[in-house]
Every structure is written in structure tokens, then in C-alpha cells.
Amino acid sequence: MVNKDISLREIPLREKSIVFVGFMGVGKTTIGRLVAKKLHRSFIDVDQEIENKYQMPTSEIFKTIGEKAFRKEEKNTITTCCQQRLKIISLGGGAFLQEEIRNVCLTNCIVFYLDISWDSWKERLSMLVDSRPVLQGRTIEEIETLFHERKDSYSDHNSKLMTDQLDEEEVADYITESLKMAWNLYD
């Protein structure tokens with residue numbers, strides 16, 4: 001019997017899927033879509049996949065089945081996605097908190113951490129609060145604490161990019177060029 005983990009580690013670098021992690025609202029989905037287009041790969045937004053399965057937005061899933069059940073489905077979806085080649089995958093902001101998810105992503109994919117400063121991120125808060133159940137009912141101080149606490153879980157990655165002074169196209173171009181250079185080095 002072949003161990004799946006061993007066979008997955010043997011995926012050539014240029015065929016590995018790319019995973020975007022970072023705090024909610026940093027731009028993982030927007031940038032992921034742009035990178036997918038530039039690299040001619042399929043894009044998977046994990047939250048969207050789960051919303052499609054349950055036929056409701058994440059905020060309703062949290063209310064209906066609870067965060068624990070959502071996180072279990074999230075882990076299953078990410079595990080399946082990370083076993084595929086040539087995908088661009090955007091994770092929800094809380095997904096990488098789960099050690100099993102971090103391990104499956106880092107073992108099978110190239111993980112990009114999209115970082116942002118608190119000052120830049122809080123400018124986006126008004127656009128995010130209604131669609132992010134984890135933010136609802138929290139004070140600005142509680143959200144800032146959550147922001148800084150989650151940074152630790154994102155510290156396991158293959159590459160990090162600070163996005164504060166860059167627009168989405170600049171971030172996508174930088175990532176695409178970095179990947180192409182790495183692929184050329186290791187071919």
C-alpha cells in the first residue's frame with residue numbers, strides 16, 4: 001500500500017498547488033484569483049466551496065450548524081484541495097489556526113502568507129464586519145487582539161509578503177514572478 005503523504009511530497013515544485021493564508025480581509029481571494037489567471041490555474045476559495053455545499057453564507061453556517069461543525073468541514077475541504085495539483089487555494093482567515101490544516105498545506109503545497117499592518121487592516125473593517133461572523137459583536141480592542149494573536153499561526157509559511165503599500169495587481173505580479181523564478185531554479 002502506498003502512503004499518500006509520501007507520494008504527495010514528490011510532486012514537482014512547479015505542479016504544487018499554491019495556498020494563500022492571512023488575516024480575514026487581507027485580500028487572499030482577490031489576489032488568489034489574479035494569480036490563478038496569470039498562472040493559468042484553477043482557483044478555489046475554501047469558504048466559497050463550503051458556502052456552496054451548505055447553500056448559505058458563512059455567517060449563516062456559523063449560526064445554523066456552529067463554528068465547530070464549520071471548522072470540521074473546512075478541514076475536510078482543505079485536505080481534499082491540498083491533495084490536488086496546479087490549484088490556487090484561498091483559505092479563510094481562521095483555517096490556518098488548526099495544526100492539521102497547517103501541516104497538510106505545508107506538506108503538499110506552497111504557502112504564501114499575505115501580511116498587513118493593523119493600521120492598514122482596520123481601514124477595511126467597516127467593509128468586513130457584516131460578512132465575518134468572528135468579528136460580529138466584538139469591540140475594536142477585541143478585534144485588534146484577535147488580529148495580533150492570529151499572526152503567530154501564520155508564521156509557518158513558505159513565503160511572506162507585506163501588502164500594505166501594494167495594490168492587488170502588484171501583489172499578484174510579485175508572487176507570480178517569485179514562483180516562476182523558483183520553478184526555474186529547481187527545474
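Student: Which residue in β4 does V19 stand opposite?

Tutor: V19 stands opposite V111 in β4. Keep in mind that this is a predicted model. β1 and β4 pair in the parallel sense, over five bridges.

Student: In what order do the five strands of the sheet come?

Tutor: Read across the sheet, strand by strand. The order is β2-β3-β1-β4-β5. The sheet is open, and the pairing is parallel.

Student: Which are the edge strands?

Tutor: Look for strands that pair on one side only. Here they are β2 (42-45) and β5. Now look at the twist. From one strand to the next, it averages 20 degrees.

Student: Which strands does α10 touch where it packs on the sheet?

Tutor: α10 touches β1, β4 and β5. Its direction makes about 150 degrees with that of β4.

Student: What span should the 19 residues of α10 have?

Tutor: Count 1.5 Å a residue. Helix α10 (residues 168-186) should then span 27 Å. Its end C-alpha atoms are 27 Å apart, so the two agree.

Student: Why do some residues of a helix point the same way?

Tutor: An α-helix has 3.6 residues a turn, so residues three or four places apart point the same way.

Student: Which residues of α10 are buried?

Tutor: Buried means under 20% relative accessible area. In α10 these are V171, A172, I175, T176, L179 and W183. Seen down the axis of α10, they fall within an arc of 125 degrees, so they line one face of the helix.

Student: What covers the buried residues of α10?

Tutor: The cover includes strands β1 (17-21), β4 (109-115) and β5 (159-162). Helix α2 (28-39) is also among the covering elements. On the other side of α10, M181, N184 and L185 are exposed.

Student: Which residue caps the N-terminal end of α10?

Tutor: Look for a side chain that reaches a backbone nitrogen. D167 is the cap. One of its side-chain oxygens lies 3.1 Å from the backbone nitrogen of E169.

Student: Which backbone oxygen does the side chain of S153 reach?

Tutor: That of R150, at 2.8 Å. Now leave out residues up to four places away in sequence. S153 then touches F96, L97 and R102.

Note on methods:
Residues numbered from 1 in each chain as written. Predicted model: local features only at pLDDT ≥ 70, side-chain atom pairs only at ≥ 80, totals over all residues. Heavy atoms only, no water. Polar contact = N/O pair within 3.5 Å; in protein donor to acceptor, adjacent residues only side chain to side chain. Contact = heavy atoms within 4.5 Å. Helix = DSSP H or I, 4+ residues; strand = E, 2+ residues; numbered from the N terminus. Expected span 1.5 Å × (residues − 1). Buried < 20%, exposed > 50% of the residue type's maximum accessible area, 1.4 Å probe, protein only. Arc of directions from axis to C-beta. Pairing = 2+ DSSP bridges. Axes fitted to C-alpha atoms, helices over the stretch in contact; angles between N-to-C directions.
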